[in-house]
Amino acid sequence: MSMADGLVEVVALRGGAHLAGVMTHLSGATRLAQVSEVRLEVLPHAGGARGPLDRAMAMQIDGEPWLQRLDSGPVVLEVGHGGESAVLSGPN
C-alpha cells in the first residue's frame, strides 16, 4: 500500500465507538478492498426511519467527513483516483 499507487483503500467501520478507536489508534478499520475505482449504492433503512440517524449515514472520503442523507432514496457514490496535484513548498 502506497499513497502514490493510484488505488483507493475501501474500509468499513462498525459504528461510532469503532471510529473513536480508529481515530485514537486503539483499533483498526476493517479493510474491504484496494481498487482503482469503486461504486457504492447505499440504501435507506429497510424497516423505515425511526430517527434522524436512520435517515443518514456518516461517510468520509479522502479525510473529508459528511453526513449523507438517505431520506430521498438510494445514493450512488463513484470514487476513483483523480490524478495528482502539484504541491508548492518553501526553500527550507
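Where is the place of His 25?

## A loop residue with positive phi

In this predicted model, His 25 has its place in the loop between H1 and strand E2, the strand that spans residues 30-35. Although His 25 is not a glycine, its phi is positive, at about 65°. His 25 is also exposed, since its relative accessible area of 73% lies in the range over 50% that the term requires.

## The nonpolar core

The largest nonpolar core has 5 residues in all, namely Val 42, Met 59, Leu 70, Val 75 and Leu 77. In soluble globular proteins, nonpolar side chains tend to be buried together.

Leu 77, one of the residues of this core, touches Val 38, Arg 39, Leu 40, Met 59 and Trp 66 when residues up to four places away in sequence are not counted. Among these contacts of Leu 77 is Met 59, which is likewise listed in the core.

## A nonpolar patch on the surface

On the surface, Leu 13, Leu 19 and Met 23 form a nonpolar patch, and together these residues have about 280 Å² of accessible area. Leu 13 is placed in the loop between strand E1 (8-12) and helix H1 (16-23), and with a relative accessible area of 40% Leu 13 is partly exposed.

## Salt bridges

A search of the whole structure finds 3 salt bridges. Side chains of opposite charge can pair when their charged atoms come close.

In one of these, Glu 9 is joined to Arg 31, with the closest N and O atoms 2.5 Å apart. This pair links distant parts of the chain, as Glu 9 belongs to strand E1 and Arg 31 to strand E2, 22 residues apart. Glu 9 itself is partly exposed, with a relative accessible area of 29%.

Glu 78 and Arg 39 also meet through their side chains in a salt bridge, at 3.4 Å from N to O. Because Glu 78 lies in strand E6 (residues 75-80) and Arg 39 in strand E3 (residues 37-42), the pair ties together parts that are 39 residues apart in sequence. Glu 78 counts as exposed at 61% relative accessibility, and Arg 39 is exposed as well, with a relative accessible area of 53%.

Asp 71 forms a salt bridge with Arg 69, and here the closest N and O atoms are 2.2 Å apart. In this pair, Asp 71 counts as partly exposed at 42% relative accessibility, whereas Arg 69 counts as exposed at 55%.

Note on methods. Residues numbered from 1 in each chain as written. Predicted model: local features only at pLDDT ≥ 70, side-chain atom pairs only at ≥ 80, totals over all residues. Heavy atoms only, no water. Patch = residues over 30% accessible without salt bridge, like charges linked within 9 Å, V, L, I, M, F, W, Y side chains within 5 Å. Areas by Shrake-Rupley, 256 points an atom, 1.4 Å probe, with all protein chains shown as cover. Salt bridge = Lys/Arg side-chain N within 4 Å of Asp/Glu carboxyl O. Helix = DSSP H or I, 4+ residues; strand = E, 2+ residues; numbered from the N terminus. Buried < 20%, exposed > 50% of the residue type's maximum accessible area, 1.4 Å probe, protein only. Core = buried A, V, L, I, M, F, W, Y, C linked by side-chain atoms within 4.5 Å. Contact = heavy atoms within 4.5 Å.
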